[in-house]
Amino acid sequence: NVGLFSWKSYNMNSGKGMLIQVSHVSHAHGSYVEYYGVPFYMSIFPDTTTIVFKEKISMRFGFDFNQVQEWRIIVVALGKVTFLREGDRIFDCNEVSVVNAHLGLLHASESPR
């Protein structure tokens with residue numbers, strides 16, 4: 001389980017997370033992403049998995065966890081869309097740095113609001 005976000009200078013012992021932009025997405029394929037709504041920021045930590053991230057979204061915004069489980073988490077970086085699998089870590093300090101990346105919540109079963 002390898003995540004896609006890292007900073008080579010990040011101190012794993014600091015206990016600090018980082019803020020990452022999260023956007024609402026209705027369609028994603030290849031390099032094409034269709035956004036809607038207002039993006040927001042969430043904190044992630046080195047051990048944050050997609051499951052933990054969805055739990056945080058559910059608690060923060062008061063969504064039913066079953067509804068959030070249906071959403072896919074994607075990484076949009078350098079013009080490429082990567083779909084994270086259930087249980088993947090979002091952050092891994094051993095990976096190459098990707099500074100201009102953000103997460104997307106793919107609400108494919110829902111129409112944009």
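Predicted model: local features only at pLDDT ≥ 70, side-chain atom pairs only at ≥ 80, totals over all residues.
Modeller: Local features need pLDDT of at least 70 and side-chain atom pairs count only at pLDDT 80 or more, while totals for chains, interfaces and linings use all residues. Residues are numbered from 1 along each chain as its sequence is written, and side-chain values use heavy atoms, with hydrogens and water left out.

Colleague: Why is Thr50 called buried?

Modeller: Buried means under 20% relative accessible area, exposed over 50%, and partly exposed in between (1.4 Å probe, protein chains only). Thr50 has 1% relative accessibility, so Thr50 counts as buried. Thr50 is found in helix α1, residues 50-61; helices (H or I, at least four residues) and strands (E, at least two) are DSSP runs, numbered from the N terminus.

Colleague: What is Thr50 in contact with, leaving aside its neighbours within four places in sequence?

Modeller: Contact means heavy atoms within 4.5 Å. On that basis the list is Ile73, Leu84, Arg85, Glu86, Gly87, Asp88 and Ile90.

Colleague: What makes Glu86 and Lys54 a salt bridge?

Modeller: The term requires a side-chain nitrogen of Lys or Arg within 4 Å of a carboxyl oxygen of Asp or Glu. For the side chains of Glu86 and Lys54 the N to O value is 3.0 Å, so the pair meets the definition. Glu86 is partly exposed at 44% relative accessibility, whereas Lys54 is buried at 3%.

Colleague: How many salt bridges does the rule give?

Modeller: The count is two. Asp88 and Arg85 also meet through their side chains, at 3.6 Å, N to O. Asp88 has a relative accessible area of 4% and is therefore buried; Arg85, with 56%, is exposed.

Colleague: What makes a set of residues a nonpolar core?

Modeller: The members are buried Ala, Val, Leu, Ile, Met, Phe, Trp, Tyr and Cys residues joined through side-chain atoms within 4.5 Å. The largest such core has 18 residues, and Val22, Phe53, Ile57, Leu103 and Leu105 have the most contacts inside it. At least two of its residues come from each of β1 (18-29), β2 (32-44), α1, β3 (72-77) and β5 (101-106).

Colleague: Which strands are at the edges of the sheet?

Modeller: Two strands pair if DSSP finds at least two bridges between them. The open sheet has the order β2-β1-β5-β3-β4, with mixed pairing. β2 and β4 each pair on one side only, making them the edge strands. β1 and β5 have four bridges, in the parallel sense.
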